[in-house]
Amino acid sequence: PDPAELVRRAEDGGAAVSSAGTGGGAPQPRGTPRAEAPISAPRPAPSRVTAQSAPDTAPKAMRDEAPETAPVFSPVPRDFEALVALVAEKREAILHANLSNMVHVVRYEPGMLEFRPAAQAPKNLAGQLQALLTQWTGRRWMVSVSNQEGAATLRQQAQSNETRLRQETAEHPMVKAVKLVFPDASIVAVRERPQPGAPETPADPDEASEE
């Protein structure tokens, strides 16, 4: 019987209750003192709390990721020619063409450029150049438009230099001697001799021949 029934029987003078674990002995006669085992409700097992570190659920790619490195900036161009060379190095072909053909430099300092744009120049040329230079060099630039005349464009300067070289070459004694032997010969291309230590520009096969 359940514990409540045993208690009721004990109070009513019923059958004796065997002690726990006896395995069923002979019944005791009535009136004999009974040895009753204390009855108690089963106690729940105490909960055990084990402290342990939370599992690392971060993806392995994030755990193995190297710390971020500082960005590498390009040196600030010392002059406008170096600035245009930096634009070519960054593969901004359209911007490079605009700077070479449509920009008349009024004033240049590292971090500052003032120029007069040609009539065909894009309206956002100054803003685009300022944003890219700031991004590439890590230094804030000021690029502004001026109404002053400014210098010739890089393209105009290159053409003027080529014309001057052709005139000087035509007056060279060796060239004059060649013209006496080959009257129909003409100067196709002229290149300046590179400075000591400077890489020599490879010759263009189309420009190396004489007519």
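M112 stands opposite M142 in strand β3, and that pairing is a handy place to start a walk through this predicted model. Residues are numbered from 1 along each chain as its sequence is written. Because the model is predicted, local features need pLDDT of at least 70 and side-chain atom pairs count only at pLDDT 80 or more, while totals for chains, interfaces and linings use all residues; side-chain values use heavy atoms, with hydrogens and water left out.

**The sheet**

Strand β2 (residues 112-117) pairs with β3 in the parallel sense over 4 bridges. Two strands pair if DSSP finds at least two bridges between them. The open sheet has 3 strands in the order β1-β2-β3, with mixed pairing. Since β1 (103-109) and β3 (142-145) each have a single partner strand, they stand at the edges, so one side of each is left without a neighbour in the sheet. From one strand to the next, the twist averages 20°.

Helix α4 (residues 93-102) packs on this sheet and touches β1 and β2; contact means heavy atoms within 4.5 Å. The direction of α4 makes about 95° with that of β1. Angles run from 0 to 180 degrees between N-to-C directions, and axes are lines fitted to C-alpha atoms, for helices over the stretch in contact.

**Where α4 meets α5**

What is the handedness of the crossing of α4 and α5? The crossing is left-handed, meaning that the near helix is turned anticlockwise from the far one by less than a right angle (right-handed if clockwise). The other features of this helix pair are as follows.

| Feature of the α4 and α5 pair | Value |
|---|---|
| Axis approach | within 12 Å |
| Crossing angle | roughly 120° |
| Residues in α4 | L95, N98 and L99 |
| Residues in α5 (residues 125-137) | L125, Q128, L129 and L132 |

By class, this contact has 5 nonpolar, 2 polar and no charged residues. Here Ala, Val, Leu, Ile, Met, Phe, Trp, Tyr, Cys and Pro count as nonpolar, Asp, Glu, Lys and Arg as charged, and the others, Gly among them, as polar.

**A residue in α3, and the whole chain**

A85 lies in helix α3 (residues 80-89). A85 and H96 are 11 residues apart in sequence, yet 8.2 Å apart in space, C-alpha to C-alpha. With a relative accessible area of 46%, A85 is partly exposed.

The protein has 7 helices and 3 strands; helices (H or I, at least four residues) and strands (E, at least two) are DSSP runs, numbered from the N terminus. Of its 211 residues, 19% count as buried (under 20% relative accessible area; exposed is over 50%, partly exposed in between, with a 1.4 Å probe and protein chains only).
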